[in-house]
Amino acid sequence: MTELALTSPQLKRLFDTIELQPTPQSAAVTRAFDYWTAQRKDRVAPGADDVDPMEVPRFAAYFFIYDLTENGSRKAFRLRYVGDALMPVTGEHSPGDLLAEAGETAFSDRARELFSLALDRGEPVGGVFHVRFSGAGELSVEMMAAPVLDDLGEKRRVFGAAAFRHPEHGWEDQPSSVG
C-alpha cells in the first residue's frame, strides 16, 4: 500500500513512493523481503542470529545490515554488512562506519529515513527514489528496510536490500549485471 500521502513533507521530498507492507518490484528486494518474513517466524521481527546474508548467496550482494546508534539527538546507523553491488553508492567503508559517511549523500540520506521509519513502525518499509550517481547518471533505487531484534530483543538493527534501474533498463539486481 502506498503511504506517501500519509508521510511527512520531508519524506515526500525524498521518495517517489513509500510502502508499508511493501510489494517489491526487483528480484533482490523481493528475496530480501521473503527471507526476512521466513526468518521472522511468529515474532515481530527476526533476531540478530536469524539474519545472515550468506544464507542467500545469489542476492547477498544487494543486502545490507545496519545497527542503530545515537548521534546526538539524531538517529545514526553503523554498518554491519553491505553487499558488493551496493558499494558504488555506499562507498568503500568497513563494519562500524556510519551510514552518514557513505559515498553518495543522496543515497545515505534516504536510507537513514527509511531505516528510521522501519524501526519506528516495527515492520518492513519499501521505498523508490531517483538519484544522480557520479558516473551512472540518474537511477531509480528500490529499497526495503526491515527491523531486526538485537541481542536484548530490541528493534535496533535494520536488514534489507537495494536494487537499481536505469531509465531505459529493468532492475539491475541479478548477479550477472554487477560489474
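**Fold, cores and strand pairing in a predicted model**

The protein exposes about 8500 Å². Carbon and sulfur atoms supply 48% of this area. The model is a predicted one. Of the 179 residues of the protein, 53% count as buried.

The protein contains 4 helices and 7 strands. Read from the N terminus, the order of elements is α-β-α-β-β-α-α-β-β-β-β. Contacts between residues at least 6 apart in sequence were also examined. Of these contacts, 53% join residues at least 24 apart.

The largest nonpolar core has 31 residues. Within this core, Phe64, Phe77, Phe107, Phe115 and Met143 touch the most other members. Several elements give two or more residues to the core. Among them are strand 1 (17-20), strand 2 (63-71), strand 3 (74-82) and helix 3 (87-90). Helix 4 (105-121), strand 4 (125-133), strand 5 (137-149) and strand 6 (155-165) also belong to this group. Helix 4 gives the most, with 7 residues.

Residues up to four places away in sequence are not counted here. Met143 then touches Phe64, Phe107, Ala111, Leu114 and Phe115, among others. Its contacts also include Val125, Gly126, Gly127 and Phe129. Ala161 and Ala162 are touched by Met143 as well.

Aromatic rings were considered next. A pair of aromatic rings is described by the distance of the centres and the angle of the planes. The count comes to 8 aromatic pairs. One of the pairs is formed by Phe77 and Phe115. Their ring centres lie 5.2 Å apart. Their planes stand at 85°, so the pair is edge-to-face; the cut-off for that class is over 60 degrees. The pair links distant parts of the chain. Phe77 sits in strand 3 and Phe115 in helix 4, 38 residues apart. Phe77 has a relative accessible area of 1%, so this residue is buried. Phe115 is buried too, with a relative accessible area of 1%. Ring pairs also link Phe77 and Phe115 with Phe64 and Tyr66 into a cluster.

Strand 6 pairs with strand 2 and with strand 5. Strand 2 and strand 6 run antiparallel and are joined by 5 bridges. Here Phe63 stands opposite Ala161 of strand 6. Strand 5 also pairs with strand 6 in the antiparallel sense, over 10 bridges. Val148 has Arg157 in strand 6 as its bridge partner. Strand 5 and strand 6 form a hairpin with 5 residues between the strands. In this hairpin, Gly153 takes a positive phi near 80°.

Gln39 lies in helix 2 (residues 27-40). The relative accessibility of Gln39 is 16%, so this residue counts as buried; the cut-off is under 20%. Neighbours within four places in sequence are left aside for its contacts. Gln39 is then in contact with Pro46, Asp50 and Glu55.

Key:
Residues are numbered from 1 along each chain as its sequence is written. This is a predicted model: local features need pLDDT of at least 70, side-chain atom pairs count only at pLDDT 80 or more; totals for chains, interfaces and linings use all residues. Side-chain values use heavy atoms; hydrogens and water are left out. Buried means under 20% relative accessible area, exposed over 50%, partly exposed in between (1.4 Å probe, protein chains only). Contact means heavy atoms within 4.5 Å. Accessible areas come from the Shrake-Rupley method with a 1.4 Å probe; for residues, only the protein chains shown count as cover. A nonpolar core is a set of buried Ala, Val, Leu, Ile, Met, Phe, Trp, Tyr and Cys residues joined through side-chain atoms within 4.5 Å. Rings of Phe, Tyr and Trp (its six-membered ring) pair if their centres lie within 6.5 Å; planes under 30 degrees apart count as stacked, over 60 as edge-to-face and the rest as tilted. Two strands pair if DSSP finds at least two bridges between them.
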